[in-house]
Amino acid sequence: MKDEKYTFNMFWEDLNNGFQIYYTYMDCRYLIYKMSNNCYKNELVEAPPKCPHQRSSILTLKRVKELFDYIEDIQYKVFE
């Protein structure tokens with residue numbers, strides 16, 4: 001479960017600042033990042049076998065905000 005002190009506004013600001021963020025939603029691991037104004041790329045990274053979820057999708061800020069309450073285990077992508 002995500003830290004209750006981490007708000008959607010903080011999440012949105014991190015995406016605006018160019019961070020790529022991993023999160024878990026419905027037992028699947030995703031990577032999300034901002035592509036342009038009101039346009040976010042959501043990529044499926046890990047999933048159980050026969051997962052019906054899309055491998056890649058484009059989301060609006062409204063949809064990202066709807067998902068935020070259900071996402072867990074938020075981590076920043078680390079570049080080496």
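**Entry 1. The end of α1**

Which residue with a positive phi follows α1? I found that α1 is followed by Gly18, whose phi is positive, near 95°. I note that helices (H or I, at least four residues) and strands (E, at least two) are DSSP runs, numbered from the N terminus.

**Entry 2. The model**

I am working with a predicted model, in which local features need pLDDT of at least 70 and side-chain atom pairs count only at pLDDT 80 or more, while totals for chains, interfaces and linings use all residues. Residues are numbered from 1 along each chain as its sequence is written, and side-chain values use heavy atoms, with hydrogens and water left out.

**Entry 3. The buried side of α1**

I looked up which residues of helix α1 (residues 8-16) are buried, and I found Phe8, Phe11, Asp14 and Leu15. These residues cover an arc of only 125° around the axis, which puts them on the same side of α1. The arc is that of the directions from the helix axis to the C-beta atoms. An α-helix has 3.6 residues a turn, so residues three or four places apart point the same way. For burial I used relative accessible area: buried is under 20%, exposed is over 50% and partly exposed is in between (1.4 Å probe, protein chains only).

I then asked what covers the buried residues of α1. The cover includes β1, β2 (28-36), β3 (39-46), α2 and β5 (72-76).

**Entry 4. Phe8 and its ring partners**

I located Phe8 in helix α1 and recorded that Phe8 counts as buried because its relative accessibility is 13%. Leaving out residues up to four places away in sequence, I listed Leu61, Val64, Lys65 and Phe68 as the residues that Phe8 touches; contact means heavy atoms within 4.5 Å. I also noted that Phe8 and Glu46 are 38 residues apart in sequence and 23 Å apart in space, C-alpha to C-alpha.

How many aromatic pairs does the structure hold? I counted eight. Rings of Phe, Tyr and Trp (its six-membered ring) pair if their centres lie within 6.5 Å; planes under 30 degrees apart count as stacked, over 60 as edge-to-face and the rest as tilted. Phe8 and Phe68 form an edge-to-face pair, with 5.6 Å centre to centre and 75° between the planes. Since Phe8 lies in helix α1 and Phe68 in helix α2, the pair ties together parts that are 60 residues apart in sequence. I found Phe68 to be buried, with a relative accessible area of 6%.

**Entry 5. The cavity and the pocket**

Rolling a probe the size of a water molecule over the atoms shows where empty space is left. On a 1 Å grid over the protein atoms alone, a cavity is a set of points where a 1.4 Å probe fits but cannot get out, and a pocket is an open set with protein on both sides within 12 Å along at least five of seven lines; lining residues have an atom within 4 Å of a point. Grid points are joined across faces, edges and corners, and a volume is the space filled by probe spheres set on the points.

My search of the whole structure found one cavity of 30 Å³ or more, and the largest cavity has a volume of about 40 Å³. I listed its lining as Phe11, Tyr23, Ile32, Leu59, Val64, Leu67, Phe68 and Ile71. To this lining α2 gives the most, with three residues.

The largest pocket holds about 160 Å³ of space. Its lining consists of Tyr23, Tyr25, Tyr30, Asn42, His53, Gln54, Ser57, Leu59, Arg63 and Leu67. The elements that give two or more residues to this lining are β1 (21-25), β4 (56-59) and α2 (61-68).

**Entry 6. Positive phi outside glycine**

I found Met26 in the loop between β1 and β2, with a positive phi near 55° in a residue other than glycine. Met26 is exposed, with a relative accessible area of 54%. Asp73, in strand β5, has a positive phi of about 50° although it is not a glycine.
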